[in-house]
Protein chains: 4
Amino acid sequence: MGSGIRVGVLGSAGKVGQAIVAAIEAADDLTFTVGVDKGESLQAFVDSDTAVVVDFTHPSAVMDNLEFLIGNGIHAVVGTTGFTEERLDQVRTWLSDNPAVGVLIAPNFAIGAVLSMRFAAQAARFYESVEVIELHHPHKADAPSGTAYRTAKLIGEARTEAGLGPVPDATTDELDGARGGVVDGVHVHAVRLAGLVAHQEVILGTEGETLTIRHDSLDRTSFAPGVLLGVREIGERPGLTVGLEQLMDL
Amino acid sequence: MGSGIRVGVLGSAGKVGQAIVAAIEAADDLTFTVGVDKGESLQAFVDSDTAVVVDFTHPSAVMDNLEFLIGNGIHAVVGTTGFTEERLDQVRTWLSDNPAVGVLIAPNFAIGAVLSMRFAAQAARFYESVEVIELHHPHKADAPSGTAYRTAKLIGEARTEAGLGPVPDATTDELDGARGGVVDGVHVHAVRLAGLVAHQEVILGTEGETLTIRHDSLDRTSFAPGVLLGVREIGERPGLTVGLEQLMDL
Amino acid sequence: MGSGIRVGVLGSAGKVGQAIVAAIEAADDLTFTVGVDKGESLQAFVDSDTAVVVDFTHPSAVMDNLEFLIGNGIHAVVGTTGFTEERLDQVRTWLSDNPAVGVLIAPNFAIGAVLSMRFAAQAARFYESVEVIELHHPHKADAPSGTAYRTAKLIGEARTEAGLGPVPDATTDELDGARGGVVDGVHVHAVRLAGLVAHQEVILGTEGETLTIRHDSLDRTSFAPGVLLGVREIGERPGLTVGLEQLMDL
Amino acid sequence: MGSGIRVGVLGSAGKVGQAIVAAIEAADDLTFTVGVDKGESLQAFVDSDTAVVVDFTHPSAVMDNLEFLIGNGIHAVVGTTGFTEERLDQVRTWLSDNPAVGVLIAPNFAIGAVLSMRFAAQAARFYESVEVIELHHPHKADAPSGTAYRTAKLIGEARTEAGLGPVPDATTDELDGARGGVVDGVHVHAVRLAGLVAHQEVILGTEGETLTIRHDSLDRTSFAPGVLLGVREIGERPGLTVGLEQLMDL
């Protein structure tokens with residue numbers, strides 16, 4: 001038996017799953033136990049004495065997975081999407097019956113994206129103006145990205161809390177769309193360009209100075225360090241944790 | 001009498017005029033002769049043996065100014081706006097009667113803006129994708145800026161000439177405005193932010209790489225080097241020259 | 001008598017002092033009382049019932065100023081440089097005799113610079129690599145800037161605390177100076193360029209992603225919002241506060 | 001037999017070679033004929049009626065390859081390094097005996113890198129100041145990169161031709177290395193950071209404005225579009241062409 005935390009992976013045959021398995025195997029303090037894919041039994045995690053399971057599967061499967069894992073005392077790190085407030089409440093109920101188990105559910109495991117959002121929200125109350133520019137490859141279907149949308153919402157909330165009014169904007173003559181989309185009072189621009197991967201820039205400004213927080217994801221494995229951070233920490237955090245930033249002591 | 005080219009200024013009492021007078025006085029190879037403002041006689045340029053006059057005045061005044069200057073054999077460097085094709089033809093007619101005189105009319109004297117547009121148009125045919133982001137202080141009334149609009153048109157023309165089709169864009173789910181305004185098939189985004197002055201970025205992309213051309217104007221005097229370039233060159237370029245780039249041997 | 005906090009300024013005839021007076025006068029919740037310059041009596045602050053004094057003077061004057069202000073129960077916001085540990089201890093001693101008085105001493109009042117340093121230090125422990133690039137006008141005598149130096153030190157400390165080793169760097173063949181200067185293990189690059197004012201970029205990287213935190217100071221008044229923040233808060237913070245970030249609830 | 005230009009590849013089994021074969025096969029107007037690797041006979045190109053051969057092999061092999069190809073009337077597009085002036089002269093001699101053949105030898109096939117160098121050199125004479133920042137992954141052995149070195153040399157030559165003196169720089173107090181390495185009077189900074197691939201920024205500045213030309217290579221296939229451009233054009237350019245920019249009508 002190898003040393004370190006024993007980690008299993010749900011959806012291990014998919015592209016994301018494979019990258020996570022590789023990252024676990026490359027980490028000295030973690031041991032990969034077993035991968036389970038669609039149609040296979042979750043019992044393999046129990047049999048292999050797995051302590052933490054990573055779930056990047058599908059909204060239709062994730063609730064059954066969590067019920068089983070929590071019931072069997074296994075911690076979970078979840079990147080699967082589709083968590084409504086009702087679903088989170090259901091997870092909390094299961095956890096209240098198994099108070100030693102920790103579950104992390106996060107919409108974004110890229111550490112840089114999480115830090116960007118956090119820093120943008122912290123800085124927002126000190127600046128009159130703020131806009132978000134996200135830039136992605138041209139195969140993306142939605143504009144703006146989910147991350148840009150969430151970033152703008154967090155900024156909007158921070159501005160409201162700080163008592164800031166609307167951003168200054170004297171535009172009277174606008175080509176339709178030039179000033180971007182507006183999310184909670186924050187203008188958001190989406191660029192689509194061959195050669196790009198996934199990038200986001202938050203620009204904040206006040207008299208005489210600007211502050212820019214930029215995140216560049218240059219390949220699809222940028223979620224791996226965040227997943228490993230979750231795996232290492234979740235055993236010490238019983239109950240439900242929503243958002244990777246909760247584990248980052250910011 | 002000082003040495004070098006003898007230069008006069010129309011609208012010398014205004015903010016722009018004052019900056020131009022200061023730039024002329026600071027240049028070793030130029031001599032400032034006289035400034036003429038609204039209501040004063042242009043005859044002062046003749047009396048002071050002025051060789052070149054700079055005109056940053058008003059569309060309502062500039063044609064009378066040019067008629068006088070050309071008729072008196074004085075070269076002109078013109079930053080005043082409002083030149084239609086009809087007005088340019090009128091200037092050409094006056095110049096055909098005074099073939100030794102040179103007139104430069106340019107919408108933009110910021111050398112960096114001129115180079116940006118030129119480089120963007122040259123690069124455009126080698127890239128699948130291109131977008132323009134312009135960023136200005138929040139007191140600006142139009143979005144996008146005139147420079148961004150012209151830049152996008154030049155890029156659109158270069159793409160058409162090169163036989164490129166539309167830029168790739170899989171967006172199916174867009175928050176209204178997020179993808180920017182569209183000028184000749186080129187997406188243009190306008191950011192308005194306290195703390196900014198005038199900035200523009202053209203991003204071009206193809207498989208695996210991007211090229212970015214960015215111009216930052218950090219104060220309002222960035223037109224001065226371009227005006228001086230025009231003053232120094234226009235005596236050697238009889239006839240009408242439209243656009244500073246014509247004098248830059250690019 | 002106007003409303004709001006009554007604020008006086010030491011060194012009010014200087015360039016920085018004038019900008020601070022203007023910012024105080026423009027703020028609805030502050031009242032400017034009196035300016036005192038070299039050779040004038042500090043008693044004017046007492047006579048005018050001043051609550052807070054801003055001191056951007058000189059290392060040779062600031063200690064006498066502080067002794068007087070603290071002794072007269074007046075709060076101080078200090079941007080003057082040259083504070084050694086001994087000087088700070090002296091200020092603490094004076095304050096222990098006047099426990100209701102608050103003194104803020106900060107090396108940098110540009111909010112964006114303060115946020116940049118803070119965010120860089122917070123992010124540092126999550127990234128394998130980090131470098132600092134600062135860019136300034138070519139009239140600057142020191143390279144790197146004091147802010148870049150402090151930023152690199154904060155990053156170096158955060159890396160040490162997190163148990164990170166040296167940054168990865170396979171360079172074996174270097175043109176002298178190409179890899180920059182090194183401060184506490186962090187490479188720092190200084191660019192000097194006409195047209196720039198004061199700019200700094202911290203770039204952090206790990207497998208597949210980078211995070212960039214950039215601060216642009218576009219004019220010399222960018223310290224004003226930070227000074228006003230200090231003026232508004234220092235009355236509620238008795239004792240010595242070092243660094244604007246202490247007032248920012250980050 | 002497929003349609004379009006018939007193209008063969010030397011070194012087709014290597015990583016670069018494979019990417020080139022894939023790019024040829026994906027292009028409608030090109031037909032891949034045959035790949036030849038170390039130890040195999042070049043005669044395969046003649047037998048397959050190949051019109052153009054791409055050579056990304058090794059300095060020890062490339063001269064024999066070129067002698068054979070030129071002798072057999074086959075055009076060549078060469079990315080192999082190590083061409084001295086003597087080697088280029090030898091190629092010219094062979095070509096003088098086979099005047100219909102075209103050979104393109106280029107140190108860099110990334111179109112963005114070529115355009116960056118060209119634009120930087122064109123812009124250099126209009127700006128007082130210029131510096132180069134290149135940023136690469138931390139596994140790179142040389143600093144600065146070959147491209148940054150060449151870019152700085154081209155800029156230095158353009159400045160000399162334009163009669164510009166040294167860049168303004170008031171630095172008197174420098175941490176060793178902070179101001180970068182110096183190539184022909186141009187300061188060059190090399191950043192090494194996990195998460196980066198290959199990036200370069202040329203920043204030019206004059207009073208009140210800056211111009212930035214940035215190239216980002218996000219994966220190793222960014223040479224492919226340039227190779228295809230060479231393949232398509234070289235048949236029309238008999239003789240030796242050095243540098244991809246010669247084919248780009250800039």
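Trainee: In this predicted model, where along chain C is C:D249 placed?
Mentor: Working from a model that is predicted, one can begin with the backbone, since phi of C:D249 is near 50°, a positive value in a residue other than glycine. Most residues other than glycine have a negative phi. As for its place, C:D249 belongs to the segment after strand 13 (239–242) of chain C.

Trainee: Which loop of chain B holds B:D49?
Mentor: B:D49 also has a positive phi although the residue is not glycine, and here the angle is near 55°. Its position is in the loop between helix 2 (43–47) and strand 3 (52–55) of chain B.

Trainee: Where in chain D does D:P144 lie?
Mentor: The peptide bond that joins D:A143 and D:P144 is cis, with omega about 0°, and a cis bond with omega about 0° likewise joins A:A143 and A:P144 in chain A. Most peptide bonds are trans. A:P144 is found in the loop between strand 7 (142–143) and helix 6 (146–161) of chain A, and D:P144 lies in the loop between strand 7 (142–143) and helix 6 (146–161) of chain D.

Trainee: Which three residues supply more of the area that chain D buries against chain B than any other three?
Mentor: The contact brings 31 residues of chain D against 31 residues of chain B, and the area buried between the two chains is about 2500 Å², with 56% of it given by carbon and sulfur atoms. On the side of chain D, 22% of the buried area comes from D:F119, D:F126 and D:E209.

Trainee: Which element gives the largest share of the side of chain D that touches chain B?
Mentor: Between chain D and chain B the rule finds 0 salt bridges, while the count of residue pairs in polar contact is 18. The elements of chain D that give two or more residues to this side are helix 5 (111–124), strand 12 (209–217) and helix 7 (224–234). The largest share, 9 residues, comes from strand 12 of chain D.

Trainee: Which residue of chain D is the bridge partner of B:T212?
Mentor: Strand 12 (residues 209–217) of chain B pairs with strand 12 of chain D in the antiparallel sense, over 9 bridges. In strand 12 of chain D, the bridge partner of B:T212 is D:R214.

Trainee: Turning to chain C and chain D, which residue of chain C comes closest to the rotation axis?
Mentor: Chain C is superposed on chain D by a rotation of 180° with 0.0 Å of shift along its axis, at an RMSD of 0.1 Å. At 1.9 Å (C-alpha), the residue of chain C that comes closest to this axis is C:G177.

Trainee: Which residues of chain C lose the most area to chain D?
Mentor: This contact takes 46 residues from chain C and 45 residues from chain D, and the two chains bury about 3100 Å² between them, 63% of it on carbon and sulfur atoms. Together giving 16% of what the side of chain C buries, the residues that lose the most area are C:L175, C:L193 and C:A194.

Trainee: How many nonpolar residues are on the side of chain C that touches chain D?
Mentor: Across this interface the rule finds 0 salt bridges and 21 residue pairs in polar contact. Strands that give two or more residues to the side of chain C include strand 10 (186–192), strand 11 (198–206) and strand 12 (209–217). By class, this side has 12 charged and 13 polar residues, and its nonpolar residues number 21.

Trainee: Which residue of chain D does C:D142 stand opposite?
Mentor: Strand 7 of chain C and strand 8 (residues 173–174) of chain D pair in the parallel sense over 2 bridges. In strand 8 of chain D, the residue opposite C:D142 is D:D173.

Note on methods
Residues are numbered from 1 along each chain as its sequence is written. Chains are lettered from A and ligands numbered from 1 in the order in which they are written. This is a predicted model: local features need pLDDT of at least 70, side-chain atom pairs count only at pLDDT 80 or more; totals for chains, interfaces and linings use all residues. Side-chain values use heavy atoms; hydrogens and water are left out. Contact means heavy atoms within 4.5 Å. Buried area is the accessible area (1.4 Å probe) that two parts lose on being put together, summed over both. A salt bridge is a side-chain nitrogen of Lys or Arg within 4 Å of a carboxyl oxygen of Asp or Glu. A polar contact is a pair of N or O atoms within 3.5 Å; within protein, one must be able to donate a hydrogen and the other to accept it, and residues adjacent in sequence count only if both atoms are side-chain atoms. Helices (H or I, at least four residues) and strands (E, at least two) are DSSP runs, numbered from the N terminus. Two strands pair if DSSP finds at least two bridges between them. Copies are superposed by least squares on the C-alpha atoms of residues with pLDDT of at least 70 in both. Ala, Val, Leu, Ile, Met, Phe, Trp, Tyr, Cys and Pro count as nonpolar, Asp, Glu, Lys and Arg as charged, and the others, Gly among them, as polar.
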